[in-house]
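Open your viewer and get ready to click through a few selections with me.

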Amino acid sequence: MPNENLKHKVSCPLCKESRLVRSDVIKRVKASGRELICKPCNNKIRFKEKDHPRKGTGVKNNSELLYTRSSYYKAKQRCKLGEGHHKCYKNVEFRFLSLQQLVDCIGLRPKNMTLDRIDPLGHYEAGNVRWASAKEQAENRLPRNYWK
């Protein structure tokens, strides 16, 4: 029985670079009628007409989106923890399905603002969230002993 893991030296027909390829991979590619092309050349072919799928679109390249994402996930975590975070989060739900949905609703996070619920007893949902300063949030608070 032949060894299927035996490696053979093969060169890419596009870039002419040599590399070692397992015999079972060679057999499978030949059976499908395709050429054995190296991964960098294959990616060049796949993304020839497209921009790189991740180039410049990530959160690291957009500080406003980075802060918005941070607020989104922190609010989501507070709701997930519920009463474990604070008594006031006992029945609060986070109803945004995605970060994009939050951005479409209230936009990107402005500097020195954080995510706030307009009605402190309501859920994180469209129509009940806004970007607010620390002063606005302090004014929107419930009375001190409300949660006892």
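Start by selecting Thr-68 and Arg-109: the side chain of Thr-68 comes to 2.8 Å from the backbone nitrogen of Arg-109. Keep in mind as you zoom in that this is a predicted model.

Stay with Thr-68 and show its surroundings. The residue sits in helix H3, and it counts as buried because its relative accessibility is 0%. Which residues surround it? Leaving aside neighbours within four places in sequence, Thr-68 is in contact with Leu-99, Leu-102, Val-103, Gly-107, Leu-108, Arg-109 and Trp-131.

Next, select Phe-94, Leu-102, Leu-115 and Tyr-124. In the largest nonpolar core, which has 16 residues, these four touch the most other members. Now colour helix H3 (63–81), helix H4 (99–106) and strand S4, the elements that each give two or more residues to this core. H3 makes the largest contribution, with four residues. As background, nonpolar side chains tend to be buried together in soluble globular proteins.

Centre on Tyr-124 for a moment. Beyond its neighbours within four places in sequence, Tyr-124 has contacts that include Ala-75, Arg-78 and Cys-79. Also on its contact list are Tyr-89, Val-92, Glu-93, Phe-94, Arg-95 and Phe-96, along with Leu-115, Arg-117 and Val-129.

Now move to another core, of five residues, which lies apart from the largest one; among its members are Val-21, Ile-26, Val-29 and Leu-36.

From there, select helix H1, residues 23–32. Its buried residues are Ser-23, Ile-26 and Val-29. Look down the axis of H1: these buried residues fall within an arc of 125 degrees, so they line one face of the helix. What follows the helix? Next comes Gly-33, with a positive phi near 85 degrees.

For a last view, colour the chain by pLDDT. The chain mean is 83, and 86% of the residues reach 70 or more. Which elements mark the two ends of the range? Helix H2 (residues 39–46) has the lowest mean pLDDT among the elements, 83, while strand S4 (residues 129–132) has the highest, 94. Where pLDDT is low, predicted coordinates should not be read in detail.

Definitions and conventions
Residues are numbered from 1 along each chain as its sequence is written. This is a predicted model: local features need pLDDT of at least 70, side-chain atom pairs count only at pLDDT 80 or more; totals for chains, interfaces and linings use all residues. Side-chain values use heavy atoms; hydrogens and water are left out. Buried means under 20% relative accessible area, exposed over 50%, partly exposed in between (1.4 Å probe, protein chains only). The arc is that of the directions from the helix axis to the C-beta atoms. pLDDT is the predictor's confidence in each residue, from 0 to 100. A nonpolar core is a set of buried Ala, Val, Leu, Ile, Met, Phe, Trp, Tyr and Cys residues joined through side-chain atoms within 4.5 Å. Contact means heavy atoms within 4.5 Å. A polar contact is a pair of N or O atoms within 3.5 Å; within protein, one must be able to donate a hydrogen and the other to accept it, and residues adjacent in sequence count only if both atoms are side-chain atoms.
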